[in-house]
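Biologist: Can you walk me through this one? I'd like to start with charge pairs, then patches and cavities.

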Amino acid sequence: ETPERRDIVLLQARSLWEMNRWKDSLSLYETIVNPPVEELLERKIQEQRLTVDQSPTNNPWWEVITFREGTPLTISQVIMSPQQAADFSESGQIVNSVAAQDYALYRWQDRFNKELSVRRFVMRREYYHAANKLEIYIKEFGSNDFLLYDLAGLYSKLERLNDEATLYRKIAAQNANFPGLSEAVQRNNLKRRPTIFLAYIMQYDDGWDGYMGVRQNIFQGGGKYYKTTNQEWNFNIARINYQSTQNAQNLLGWRTILTYDAKLSQSLGLSLAGGVEKLQSVYDDTPLWSGAFTGKIADEMRAVFSAKQDVVADTIASLKRNIKRRDYKIELMFDLFPRILLGGYYDLIGYSDSNWTHNYTFWASYIFWPEPTLLKISYNYDFYDSHEGQNPGVPIDDGFAPNDHPYWSPVNYWITHFSFYFKHQLSNDTLARGVPSYYAIEYSFGYDSEDNDLHEFKASLNFEIAKNYILSASYGFMNLDVYKHEEALVSLMYRF
């Protein structure tokens with residue numbers, strides 16, 4: 001491979017990558033990026049005793065408001081810039097002659113380095129950053145069958161199935177015989193086929209002096225249908241048995257929800273849902289609805305604006321009184337570094353009995369080991385403040401006073417905890433173009449503002465037991481001294 005045919009080296013490096021010979025591929029990329037052109041330019045500038053002004057031209061906004069000096073430019077950033085090329089002074093022309101000798105190498109190294117950084121993100125299993133980098137790279141240098149195929153694999157890993165399908169169509173239009181394309185399309189089509197599922201869910205909540213006290217046994221069924229690559233419909237129907245943990249009271253109900261999800265653009269998504277929960281004929285029906293906009297504000301920032309109405313199922317009394325809650329939420333997530341995630345939200349919860357709660361949440365995660373053996377630690381802080389707390393008095397038939405709020409409504413309350421999460425992916429499927437099988441375990445510990453100790457354990461598994469069947473199961477338990485929560489799920493999904 002001669003320097004004049006760096007395009008051939010790039011093609012060979014991409015081919016080795018698709019063959020899963022990742023280390024050999026990276027070695028080829030490194031033959032072009034080493035030695036860096038920056039070192040060559042610096043030596044030539046010194047030999048000719050030239051001076052180059054490396055002062056930053058534009059400071060980022062955070063450096064302006066913190067009165068920090070900007071980061072100096074590199075020599076290559078200065079002498080390879082259009083501004084330098086337009087410098088017709090005697091010294092400027094000498095610098096331009098130096099730049100001209102290595103301009104081609106500078107451009108090739110820029111391309112190789114950017115593609116190499118994407119490959120390294122993938123090898124570290126940092127798929128979100130890899131996809132972001134590759135999207136920017138394709139916009140800058142143009143689409144290519146290899147790069148589009150790699151990006152489609154990353155979308156598959158991130159469960160962006162519709163975006164994955166769109167890229168496969170682009171590749172097929174350019175090169176229908178691209179290696180592996182036919183199998184990848186079939187697998188993507190299978191994952192986007194109409195699906196149906198059956199599930200059993202148990203949820204148990206008891207504590208807070210009786211203001212949480214319901215066990216739910218839920219038998220649920222439903223299905224999913226992709227109308228187009230950017231539109232998805234979901235329908236769920238559930239039979240729910242609400243049982244009091246304090247006495248023999250119970251309620252039976254039906255719950256149906258229809259959900260529509262659409263991707264309006266590359267940076268904006270829409271979700272709408274509507275349905276009804278119908279309890280035994282003596283009690284009122286509850287309309288259910290939700291709506292959410294999801295947007296990518298910047299490459300490392302996501303925002304979700306949502307509103308939702310649902311039943312309050314903390315106690316049998318809250319169900320019998322047909323108390324509804326409406327959540328108005330603003331949620332932000334920052335993916336600032338490859339291994340660090342930050343996020344939080346503000347949720348205004350309005351209750352139909354003229355009460356409301358402010359809920360603030362902040363969380364941060366650090367990834368120790370990336371997939372396929374993911375290990376991360378997380379910190380979470382929640383703050384709740386309700387307009388009115390509990391108003392106990394002489395109870396009526398449902399067990400609560402007429403002016404009491406028969407649900408948990410804490411005042412000036414916070415809870416914090418640390419979590420350790422481990423996920424082991426059992427499949428060797430590169431970039432999860434199939435459906436990976438995995439199991440996950442999570443343990444959390446913490447405390448709250450009332451000095452109660454928190455301990456929580458969760459476990460889950462997901463197996464593709466046949467081409468068309470996926471089995472999922474999970475169990476979770478939490479103990480907070482004054483409150484206990486337990487949940488379990490078993491589901492079987494079939495894809496047509």
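Biologist: How many salt bridges does the structure hold?
Modeller: The structure holds 20 salt bridges. A salt bridge here is a side-chain nitrogen of Lys or Arg within 4 Å of a carboxyl oxygen of Asp or Glu. This is a predicted model, where local features need pLDDT of at least 70, side-chain atom pairs count only at pLDDT 80 or more, and totals for chains, interfaces and linings use all residues. Residues are numbered from 1 along each chain as its sequence is written, and side-chain values use heavy atoms, with hydrogens and water left out.

Biologist: Which residue does Glu115 form a salt bridge with?
Modeller: Arg119 is the partner of Glu115, with the closest N and O atoms 3.3 Å apart.

Biologist: Where do Glu115 and Arg119 sit, and how are they separated?
Modeller: In helix H7 (residues 90–123). They are separated by about one helical turn, because they are four residues apart in that helix. Helices (H or I, at least four residues) and strands (E, at least two) are DSSP runs, numbered from the N terminus.

Biologist: Are Glu115 and Arg119 buried or exposed?
Modeller: Both Glu115 and Arg119 are buried. Buried means under 20% relative accessible area, exposed over 50%, and partly exposed in between (1.4 Å probe, protein chains only).

Biologist: What does Glu464 form a salt bridge with?
Modeller: Arg495, and the closest N and O atoms are 2.6 Å apart. This pair links distant parts of the chain, with Glu464 in strand S14 and Arg495 in strand S16 (residues 483–495), 31 residues apart.

Biologist: And how does Arg495 count, buried or exposed?
Modeller: Arg495 counts as buried because its relative accessibility is 2%. Glu464 is partly exposed, with a relative accessible area of 22%.

Biologist: What about Asp285 and its salt bridge?
Modeller: Asp285 pairs with Lys278, the closest N and O atoms being 3.4 Å apart. Asp285 is at 36% relative accessibility, so it counts as partly exposed. Lys278 is partly exposed too, with a relative accessible area of 44%.

Biologist: Which residues are linked in a network of salt bridges?
Modeller: Glu135, Arg160, Asp163, Lys263 and Lys296.

Biologist: New topic. Which residues make the nonpolar surface patch?
Modeller: Phe418, Phe420, Ile441, Tyr443, Phe445, Phe457, Tyr475 and Phe477 make a patch of about 680 Å². Strands S12 (413–425), S13 (438–448) and S15 (469–479) each give two or more residues to it. S13 gives the largest share, three residues.

Biologist: How is a patch defined?
Modeller: Its residues have over 30% relative accessible area and no salt bridge; like charges are joined within 9 Å, nonpolar side chains (Val, Leu, Ile, Met, Phe, Trp, Tyr) within 5 Å. Accessible areas come from the Shrake-Rupley method with a 1.4 Å probe; for residues, only the protein chains shown count as cover.

Biologist: Where is Phe457 placed?
Modeller: In strand S14 (residues 453–466). Phe457 counts as partly exposed because its relative accessibility is 38%.

Biologist: Now the inside. How many cavities of 30 Å³ or more are there?
Modeller: Two. On a 1 Å grid over the protein atoms alone, a cavity is a set of points where a 1.4 Å probe fits but cannot get out; lining residues have an atom within 4 Å of a point. Grid points are joined across faces, edges and corners, and a volume is the space filled by probe spheres set on the points.

Biologist: How much space lies in the largest cavity?
Modeller: About 60 Å³. Its lining includes Glu277, Asp284, Val311 and Ile323. Strand S5 (268–279) and helix H12 (316–320) each supply at least two lining residues.

Conventions
1 Å grid on protein atoms, 1.4 Å probe; cavity = no way out; pocket = protein on both sides within 12 Å on 5 of 7 lines; lining within 4 Å.
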